[in-house]
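Thank you all for coming; I would like to walk you through one structure this morning, slowly, for those who have not seen it before. Please have the sequence and the model open while I talk.

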Amino acid sequence: MLSLFQRKLQLPTDSPPSSGDKKKGLMRPEPVASLLSTTRRQKLLEHIWQRTSLSRQHFASLYLAPLQRYAALVQQFPASEAHHHAYPGGMLDHGLEIVAYALKLRQSYLLPSGTTPEDQVVQAEAWTAAIAYAALLHDIGKIAVDVHVEHADGSTWHPWHGPLARPYRFRYRQDREYRLHSAATGLLYRQVIDDEILDWLSTFPPLWSALLYVLAGQYEHAGVLGELVIQADRASVAQALGGDPARAMAAPKHALQRKLLDGLRYLLKEELKLNQPQASDGWLTQDSLWLVSKTVSDKLRAHLLARGIEGIPANNTAVFNVLQDHGMLQPTSEGKAIWRATVRSDVGWSHTFTLLRLAPALIWEGNDRPEPFTGTVVIEVEPNDTTAEPSIDSGETSPVATAAPAPSAAPAADSIDALLALLGTSDTEPPSQRPEIEALPETGIDDPPATFQVNDAMLAPAAVLPPTENGGNSREPPSGEHFMAWLRQRVQSRKLIINDAKALVHAVADTAFLVSPGVFQRYAQEHPHTATLAKQDQVSDWQWVQKRFEKLQLHRKQINGLNIWTCEVTGPRRSRRLHGYLLAEPQHLFDEVPPNNPHLELRTDGICTDLTRS
């Protein structure tokens, strides 16, 4: 034992101590407040908070405290020697980035999959926290096995000793093993996550198993939790190396497929009308499920958006393509997603529709399948097909299965600060119609200290609202009042994030600034019935909502009587203008008014055009 302790105090033979080195090149451990005080890290911490929807007390204990312990432990270590985040403080930046990315990805998942909605609600926060911890800790083993750290007196520091308390220097070990750091995570995660958190997570067996597998570096056994960490890690690395984090962050096909499939199953169980003797949303024959294409696409998009799932295409054709790309639709002989067919019931009613065709086994299992339609579905002949004959589906038509083309790659992010822009992006609105905010440039590790604080207004728990899907009463028809109830619910539940790149709501001039037309387009997407009402007035769906909002007289007009205000947004390469409405009273939307967005400056010179009159 004595010889063991003597060896413990000896320096490695490949780095003999030098009296000249001991007084040079030393770094002082920094307080946590200083480490987390840079503008960039404050933004990342704010993003992390915004993805959690927690009160100040719960956010501090579940997220901020572990992040602070992580910062104290990794100090100014790089994340790698010559690859990504290879600069002082890179490990801390990478840790914060991957947590923010992982929590953004997590918003598109209902976890744990394969269980009841009630159980998912109960476990939601535990899964969110576990994903954050798995992401944060995935590389922490590097400081145990990849670097050699010593104090001024030549004594070696190991991270299991606790955070550094004295000046230190470090170098990368030349004999390090590439994947050993994943196995070394188990040495350190207890210094970041406390007993109470581990006790809590261990009460959810599937989650607990997945988290332990990630901490052991066995991502292949960690299911969706492992996938999210891998995707978030790729996005952070891509950002650091000048790549496209959006592409690296793209969810795997089967994850989107599951969301679409779950959405269709829900709609068929709760909302869509099947096999009606007259007008219906769909018809089930013996071996095919026929769904009215536009109705189902609109309702599926609205259902997913109402649950905070982003990335759903706003265009119906794109929705059909996504469904077909993921093998959920049976294509026509020409490989198209849309079928044209005439439905005839036994009571003599008939009508021709454009339909989507699915295999019933995709939706129902065992004896859950409803009784088949007693009428017929007659497939129409394409006008340019002179040889084909109409076919009748009354239970004997064979499904057609062909390979679908691969989806096109996502466009590259157009921002010098793609990280923060991507984290705040809502992907559901057409880019051509939606004003963008270019994030201000991030600053480096030598930024002037500005202590990270989350004030009471930012972290106040969201007001308790009726548990409806779309804000207010989900049964109410679209209206100006319903739009405001929906908007308030979305903001308070943080499904619409404010003061962020490409956000639809900002705090400006001590009140709320509603981006137009984006915020009205988002409402119309979640409430497809708006299009029917708008058609009667011969306007687009979002314009119909906008006009109903104006009639409420909740907005502040300019001196010249114009409804629309303009905000200047200054980015690193150019300035942009953002158009929208200012609420007369912020209490129409906020319980407590958040701080004004410092990157938006309200124009009061009357130069902007009143978009509602164009």
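Predicted model: local features only at pLDDT ≥ 70, side-chain atom pairs only at ≥ 80, totals over all residues.

I will begin with the chain as a whole and its confidence, and then go through a few places in turn.

The mean pLDDT of the protein chain is 75, and 73% of its residues reach 70 or more. Over residues 1-23, however, the pLDDT is below 50, and this stretch has 14 contacts in the model beyond near neighbours in sequence. A further stretch, residues 395-418, also stays under 50 in pLDDT, and here the model has 42 contacts beyond four places in sequence.

As for the overall make-up, the protein chain has 22 helices and 15 strands, and of its 614 residues 50% count as buried. If we take the contacts between residues at least 6 apart in sequence, 70% of them join residues at least 24 apart.

What does Leu164 touch, leaving aside its neighbours within four places in sequence? Its contacts are Pro29, Gln75, Phe77, Val149, His151 and Trp157; for Val149, which is 15 residues away along the chain, the C-alpha atoms are separated by 9.8 Å.

The other one, Leu188, has its place in the loop between α9 (180-184) and α10 (195-201), and it is buried with a relative accessible area of 0%. Not counting residues up to four places away in sequence, Leu188 touches Ile140, Gly141, Ile143, Ala144, Pro159 and Trp160. Of these, Gly141 is 47 residues apart from Leu188 in sequence, while the C-alpha atoms of the two are 7.1 Å apart in space.

Next, the aromatic rings. A search of the whole structure finds 19 aromatic pairs, and one of them, Trp349 with Phe353, is tilted, at 6.3 Å centre to centre and 45° between the planes. Phe353 has a relative accessible area of 15%, which is under 20%, and therefore this residue counts as buried. Another pair, Trp486 with Tyr523, is edge-to-face, with 5.3 Å between the centres and 75° between the planes. This pair links distant parts of the chain, since Trp486 belongs to helix α19 (residues 480-492) and Tyr523 to helix α20 (residues 518-526), 37 residues apart. Elsewhere, Arg357 lies over the face of Trp339, at 4.7 Å from the ring centre.

How many residues of α20 are buried? Nine of the nine are, so this helix is largely enclosed by the rest of the structure.

Most residues other than glycine have a negative phi, and most peptide bonds are trans. A cis bond also runs from Leu111 to Pro112, with omega near -5°, and Pro112 lies in the loop between α6 (90-106) and α7. Ala509, in the loop between β10 (505-508) and β11, has a positive phi of about 55° although it is not a glycine, and at 33% relative accessibility this residue counts as partly exposed. Gln538, in the loop between α21 (529-537) and α22, has a positive phi near 60° and is exposed, with a relative accessible area of 75%.

How values were computed: Residues numbered from 1 in each chain as written. Heavy atoms only, no water. Phe/Tyr/Trp six-rings, centres within 6.5 Å; stacked < 30°, edge-to-face > 60°. Buried < 20%, exposed > 50% of the residue type's maximum accessible area, 1.4 Å probe, protein only. Helix = DSSP H or I, 4+ residues; strand = E, 2+ residues; numbered from the N terminus. Lys NZ or Arg CZ within 6 Å of the ring centre and 35° of its normal. pLDDT = per-residue confidence, 0-100. Contact = heavy atoms within 4.5 Å.
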